[in-house]
Amino acid sequence: MEKKVENVPFIWMEESKEQLYTPMKGKRKFKSKKKEFVGWGSKPLIEFLQSIGKDTTQNLSHYDVTAIINSYVRESNLFHPKRKKTVVCDEKLHSLFGRKSVSRFKIHDMLEPHFAGYQEEAESEGELFYSSDQEETVSATRKQHSLPKKKVVETPKSCFAAIVPENIKLVYLRRSLVENLVKKPEEFEDKVVGSIVRIKCDPNDYLQKNSHQIVRVTGIRRVSGTDGNTENLLQVSNSVKDIHICMLSDDKFSEEEFQDFQQRIKDGLLQRLTVVELKEKAQRLHEDITKHFG
């Protein structure tokens, strides 16, 4: 199905192949353990940010917090000595995530329940929406429920955006556009973090069949250059190395590269794009993309 987004092209959403069954007497809620919140974030998240000197009086976005934690991990050298994609949690991160180690690429997803907005949304809706690959298991479980059941009239939509080229193109940034965006430093991070870019594959990765891959920007790291100017390095999914803007591709991504990106999401190696995230990012980038390539 397609859902129209104001001022931007259509966003395609995943849709369940089956219809859900829900008990007539009270809906069962599928949600994470309830957390104590201090304003916009959970108590563990706020305490973590304050412990590393971050200002929590103003709301921080999901992407901002992910970037902060990625920077903290890098500066504290918390990567596993052999498994570079694994973060070994110190005392502060253990208090936040409750684990001894986490995958770097799962940090964004693990932060989700620490934001009050997600908690309120889950409570108001009463239950989670599932993508099509989760639907069969959930439906089968619900059908075994002993209470009387009724069929939902409309097929529920997933909270995840469909993994299709049309959606990726809404937030895909080529090198030349990123070079233009960096000229406005006050807007650069807000627009670029969460977007999708194309980079060369690691030549030592023998499992990679393509010369390039499309990845998602997860953060920005600013460093001082030899000439005294500040350079913005991109932190991206599926790579432990920072990416210089000059290393980005200025071409379209291929069908094979998209299929590789799609498969990595299905395998759980990359976080899925929610409809809300895609909609917000597409609205921010629509004018820039249209002007640059219009």
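Me: The axes of helix 1 (residues 43–51) and helix 2 cross; at roughly what angle, and within what distance do they come?

Reply: They cross at roughly 50° and come within 12 Å. Axes here are lines fitted to C-alpha atoms, for helices over the stretch in contact, and angles run from 0 to 180 degrees between N-to-C directions. This is a predicted model, in which local features need pLDDT of at least 70 and side-chain atom pairs count only at pLDDT 80 or more, while totals for chains, interfaces and linings use all residues. Residues are numbered from 1 along each chain as its sequence is written, and side-chain values use heavy atoms, with hydrogens and water left out.

Me: Why are helix 1 and helix 2 called oblique to each other?

Reply: Angles under 35 degrees count as roughly parallel, over 145 as roughly antiparallel, 65 to 115 as roughly perpendicular and the rest as oblique. The angle is roughly 50°, so helix 1 and helix 2 are oblique. Their crossing is left-handed, meaning that the near helix is turned anticlockwise from the far one by less than a right angle.

Me: Which residues make the contact of helix 1 and helix 2?

Reply: Helix 1 supplies L45, F48 and L49, and helix 2 supplies V65, I68, I69 and Y72. Contact means heavy atoms within 4.5 Å. The residues divide into 7 nonpolar, no polar and no charged. Nonpolar covers Ala, Val, Leu, Ile, Met, Phe, Trp, Tyr, Cys and Pro; charged covers Asp, Glu, Lys and Arg; the others, Gly among them, are polar.

Me: What makes N70 buried?

Reply: N70 lies in helix 2 and has a relative accessible area of 7%. Buried means under 20%, exposed over 50%, and partly exposed in between (1.4 Å probe, protein chains only). N70 is therefore buried. Not counting residues up to four places away in sequence, N70 touches R104, I107, T218 and Q235.

Me: Why does N77 count as exposed?

Reply: The relative accessibility of N77 is 61%, so N77 counts as exposed. N77 lies in the loop between helix 2 (62–75) and strand 6 (86–88). Helices (H or I, at least four residues) and strands (E, at least two) are DSSP runs, numbered from the N terminus.

Me: Is I245 buried or exposed?

Reply: I245 has a relative accessible area of 12%, so I245 is buried. I245 lies in the loop between strand 13 and helix 10 (255–266). Among the residues that I245 touches are R175, V178 and F188. The C-alpha atoms of I245 and S176 are 9.1 Å apart, though the two residues are 69 apart in sequence.

Me: What share of the residues in the protein is buried?

Reply: Buried residues make up 44% of the 294 residues.
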